[in-house]
Amino acid sequence: MDAIIIQILNGLDKGAAYALIALGLTLVFGTLGVVNFAHGALFMLGAFCAVTFNKIITWPIQPPKAEGQLFAPPAKPWFEYAFGDLGASIINWSVPISILLAIPVMLLIGLAMERGLIRHFYKRAHADQILVTFGLAIVLQEIVKKFFGANPLPQNAPAMFNGTADIASWFGLTDMFIVYPWWRLIYFLFSLLVIGAVFAFLQFTTYGMVVRAGMRDRETVGLLGINIERRFTVVFGIASVVAGLAGVMYTPILPPDYHLGMDFLVLSFVVVVVGGMGSLPGAVLAGFLLGILQSFASMNEVKGILPGIDQIIIYLVAVTILLTMPRGLMGRKGVMED
Amino acid sequence: MSKLIFNRRGILKVGAAGGVALAAPMHFVKGAFAEDMSCNMPTGDTVTLGFNVPQSGPYADEGADELRAYQLAVKHLNGEGDGGMMNTFTSKALKGNGILGKKVAYVTGDTQTKSDAARDSAKRMIEKEGAVMITGGSSSGVAVAVQGLCQEMGIIFMAGLTHSNDTTGKDKKRYGFRHFFNAYQSGVALGPVLKEEYGTDRRAYHLTADYTWGWTQEESIKNTTEALGWETVATVRTPVGAGDYSQYITPVLNSGADVLILNHYGKDMVNSLTQAIQFGLKDKQVNGKNFEIIVPLFSRLMAKGAGDNIKGILGTTNWNWSLDDDASQAFVKSFGAEYGAPPSQAAHTCYVQTLLYADACERAGTFFAPKVIEALEDFEFDGMGNGPTLYRGADHQCMKSALVVKGNENKQSEYDLLKVVKVVDRETLTYDPAIFGGDLGPSDAKKC
């Protein structure tokens with residue numbers, strides 16, 4: 001039982017990352033009709049916002065080498081020198097604080113990407129869109145590799161979130177052993193917050209209402225004198241920010257490297273397809289569903305019966321769902337069917 | 001005026017005499033002709049070596065360090081710089097005037113840490129760029145693939161970082177040579193230290209990268225720990241490049257195991273170790289003992305990626321820059337002066353392999369591959385950082401010392417990540433080559 005509960009938590013946590021990436025991906029597809037293979041790269045760029053912020057505030061001040069010493073002694077971050085305890089606290093909290101850097105940076109990157117490149121491909125075939133965005137993703141990751149190298153760069157969660165939460169004791173289950181890392185729980189809650197904010201924005205604001213209307217019928221909204229393209233550009237920026245935030249907060253879980261986006265991209269596309277192309281609730285539902293299924297399939301008991309199932313479960317479920325529900329779990333009629 | 005008469009008898013006479021005249025010199029020069037047959041033997045003023053390292057992909061940083069080491073080796077061979085380990089190497093055949101008087105040049109390839117890409121780049125360097133020897137790489141899968149190609153093409157392969165038993169075991173080749181230690185030797189080296197540090201009553205859980213290196217390391221470490229009396233709770237294979245290992249780590253929590261052995265390397269190891277620590281495994285108590293994590297194969301570049309998570313974790317390594325013998329220090333000084341940072345173990349093995357190949361050519365007095373192979377086989381040397389070393393002829397595996405290391409808890413510089421716990425001598429690590437089977441195959445020279 002303990003193992004099952006832990007795997008559910010695992011699945012929710014994994015699903016949170018899938019859902020956040022898939023949400024932006026399907027948002028872009030639903031509004032602009034663009035299949036954006038560079039979306040994983042946005043997740044990676046978000047993670048590197050956290051890395052960059054950390055590098056800036058921990059820029060080393062190098063004590064001089066002693067005579068006869070071949071390599072210099074350990075350096076100290078300049079923020080600690082300049083601001084003492086406050087500087088040390090900011091370094092400790094650098095990952096959550098870097099959200100403040102990631103929001104404007106990712107918004108700008110998103111807007112530049114959409115205005116500079118992707119808008120020229122609106123009316124082109126999906127295959128062209130896939131090729132150009134995939135190429136863009138490779139260019140972005142090679143740029144990151146050039147500046148940060150190929151090795152993973154570990155980022156620490158704030159010290160108070162190190163270690164694990166004794167979840168069994170919260171519910172008085174003293175005979176069970178259910179622990180889970182604090183930061184992963186924080187990530188799950190953070191993802192719910194971001195997903196909730198995106199839904200609230202689309203559901204409860206006039207801006208969001210217009211965007212939703214545009215997703216349904218772009219031409220009619222245009223005939224009403226609304227510049228729907230500009231709004232969709234903003235939506236692309238928002239999708240970039242969502243992917244970026246997902247990346248920032250994921251850095252203490254998985255030390256980021258330049259390839260991080262590609263690792264998530266394929267799975268996120270499966271999530272979008274299973275959820276239904278262009279369906280926001282579908283992406284979130286499929287994200288969590290596939291995350292949980294993947295976790296269960298990795299249990300030794302399951303693999304004992306079906307060896308290798310952990311590596312194919314997601315694709316197996318995708319095939320099954322697409323055979324029985326061709327539009328995905330919550331796909332709308334007419335999307336991607338022309 | 002004489003008349004040329006064509007009749008049957010005349011033609012037979014002239015034909016027979018001509019045949020004898022043409023065949024006679026061949027009797028005297030046939031040895032020289034065969035020697036010319038060795039692939040890519042240099043004819044001009046330079047000899048070209050092929051450095052096949054990962055320049056992209058997950059091991060690109062390790063590949064960059066290998067390339068730095070190769071460039072330094074080329075400099076030293078050509079008589080530039082301070083000579084590095086050429087000054088400490090017990091064989092004095094190298095003179096700093098290239099190899100056999102020919103200036104050393106090099107070409108590079110990108111393995112991408114993919115077998116197909118690595119074979120393609122090696123093939124290109126051999127067929128189009130005239131490389132007489134191929135060396136490098138950071139993966140056993142790649143090493144086995146390139147070694148097979150080199151055997152087919154008759155080009156000597158001096159392996160880079162490859163730790164699978166298979167490289168010089170079941171997949172060994174006459175044209176392939178490995179200086180780096182292997183998984184079996186890691187197990188033998190680690191055993192006594194594990195017994196001393198963690199006792200004989202332990203329950204181990206393995207997470208293993210699902211490819212040749214992971215399998216052989218799991219087998220070797222499992223044999224070692226079971227011989228100590230440890231119980232193996234489970235051996236779980238994980239896909240290479242899995243990223244998120246949480247679903248593989250959570251079953252460890254309730255498995256009753258008190259030791260987690262991570263048979264992962266590079267980015268996989270960084271991720272699995274980081275996540276194991278996030279799940280509180282290092283702070284856990286099981287069966288009345290502290291939970292322990294072991295990483296049987298360490299590298300400094302990996303340790304850097306894992307950050308503080310590496311502290312106190314035991315593993316093995318082929319060589320470390322902190323060794324204080326003359327040879328290691330000569331190399332570290334030379335490399336540090338050139339690049340401003342100490343070399344990794346991958347850089348060390350690549351540098352040494354280049355000098356060993358050059359030295360073998362000098363001692364053989366030729367680039368003719370079968371003769372160079374003969375010169376390398378059962379070659380005894382010292383002064384390369386691992387103590388007295390034998391390039392064993394039976395499997396082309398170097399028999400030498402290796403290190404048991406621990407993630408440094410009190411580092412003195414940003415590179416001081418691994419603390420040497422024990423230097424395990426060559427005699428302890430020497431084993432019977434027959435245990436891994438395989439067949440070296442022929443050393444016949446090949447046409448390119």
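**View 1. A salt bridge joins Lys267(B) and Asp257(A).** Their side chains meet at 2.9 Å, N to O. A salt bridge here is a side-chain nitrogen of Lys or Arg within 4 Å of a carboxyl oxygen of Asp or Glu. This is a predicted model: local features need pLDDT of at least 70, side-chain atom pairs count only at pLDDT 80 or more, and totals for chains, interfaces and linings use all residues. Residues are numbered from 1 along each chain as its sequence is written, chains are lettered from A and ligands numbered from 1 in the order in which they are written, and side-chain values use heavy atoms, with hydrogens and water left out.

**View 2. Chain A meets chain B.** The contact involves 40 residues of chain A and 45 residues of chain B (contact: heavy atoms within 4.5 Å). Between them the chains bury about 3,100 Å². Of this area, 52% is on carbon and sulfur atoms. Buried area is the accessible area (1.4 Å probe) that two parts lose on being put together, summed over both. Three salt bridges are counted between chain A and chain B.

**View 3. Helix α1 of chain A packs with helix α7 of chain B.** Helices are DSSP runs (H or I, at least four residues), numbered from the N terminus. Axes are lines fitted to C-alpha atoms over the stretch in contact, and angles run from 0 to 180 degrees between N-to-C directions. The two helices are therefore roughly antiparallel (over 145 degrees). Ile6(A), Gln7(A), Asn10(A) and Lys14(A) meet Ser246(B), Gln247(B), Thr250(B), Pro251(B) and Leu253(B).

**View 4. Helices α13 and α15 of chain A cross at roughly 150°.** α13(A) spans residues 280–297, and α15(A) spans residues 309–324. Their axes come within 8 Å. α13(A) and α15(A) are therefore roughly antiparallel. From α13(A), Leu290(A), Leu293(A), Gln294(A) and Ala297(A) take part. They meet Ile309(A), Asp310(A), Ile313(A), Ile314(A) and Val317(A) in α15(A). Seven of the contact residues are nonpolar, one is polar and one is charged.

**View 5. Helices α3 and α4 of chain B cross at roughly 35°.** α3(B) runs over residues 115–127, and α4(B) over residues 140–153. Their axes come within 9 Å. Residues in the contact include Ala118(B), Ala122(B) and Ile126(B) of α3(B), and Val142(B), Ala145(B) and Leu149(B) of α4(B). The contact residues divide into eight nonpolar, three polar and four charged.

Note on methods: Angles under 35 degrees count as roughly parallel, over 145 as roughly antiparallel, 65 to 115 as roughly perpendicular and the rest as oblique. Ala, Val, Leu, Ile, Met, Phe, Trp, Tyr, Cys and Pro count as nonpolar, Asp, Glu, Lys and Arg as charged, and the others, Gly among them, as polar.
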